[in-house]
Amino acid sequence: MINWLIYIIIAIFVIALIGAAIYGLRLRKKKYSTSKQPKSPLTSEHLFKEMEALARRGEYSLAIEKCFLYLLKRLAEKTDLLFVATKTNGEYRQDVKRKYPVGAEMFDQLSLFFDEVWYGKKKVGEEEYQHYRQDVLRFLGEVESVEKK
């Protein structure tokens, strides 16, 4: 009789482990799923306004960060490229190279400059910010004209 009780306890334990594993896999799959655009309260318009406000206050590094986020968000809104928080800038560069090979070099430059400023702590002033802002807007204009065709 005690043997049957031990087998029942072991069976319940095994079933619980399998259930926990399946539940964990489902959670992990949901967390990393990119099948649909993640909902983000930040619109490209919101990011653009934030970027401009930061630049007016002379916070050019932060303004460049918002400008790059604006670029990514705008691409997601106007094209089939996904804005995913877990994507690296390198992955975005690869996506742009596949989808817009003509603009890939310009996007690479924009992305790499952002990396230098944000991760490399490169000091920037108003002139660098304005130049970066203009390049981002020019790139987006080119992408939008390709999308209309």
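K66 is buried, at a relative accessible area of 15%. Buried here denotes under 20% relative accessible area, exposed over 50%, and partly exposed the range in between (1.4 Å probe, protein chains only). The model is predicted: local features need pLDDT of at least 70, side-chain atom pairs count only at pLDDT 80 or more, and totals for chains, interfaces and linings use all residues. Residues are numbered from 1 along each chain as its sequence is written, and side-chain values use heavy atoms, with hydrogens and water left out.

K66 sits in helix 3. Residues up to four places away in sequence aside, K66 touches L47, E50, M51 and L54. Contact is taken as heavy atoms within 4.5 Å.

The protein chain has six helices and zero strands. From the N terminus on, its elements run α-α-α-α-α-α. Helices (H or I, at least four residues) and strands (E, at least two) are DSSP runs, numbered from the N terminus. Of the 149 residues in the protein chain, 32% are buried. Contacts between residues at least 6 apart in sequence were also examined: 63% of them join residues at least 24 apart. The accessible surface of the protein chain is about 10500 Å², and carbon and sulfur atoms account for 60% of this. Areas come from the Shrake-Rupley method with a 1.4 Å probe; for residues, only the protein chains shown count as cover.

The largest nonpolar core holds 32 residues. Such a core is a set of buried Ala, Val, Leu, Ile, Met, Phe, Trp, Tyr and Cys residues joined through side-chain atoms within 4.5 Å. I64, L71, L75, F107, Y132, V136 and F139 have the most contacts inside the core. At least two core residues come from each of helix 2 (44-56), helix 3 (60-78), helix 4 (89-99), helix 5 (104-118) and helix 6 (126-148). Helix 3 gives the most, with 10 residues. F107 is in contact with F68, L71, L72, L75, Y92, R93, V96 and F139, neighbours within four places in sequence being left aside.

Helix 3 is mostly covered, with 14 of its 19 residues buried.

K121 lies in the loop between helix 5 and helix 6. Its phi is positive, at about 60 degrees, although K121 is not a glycine. K121 counts as exposed because its relative accessibility is 62%.
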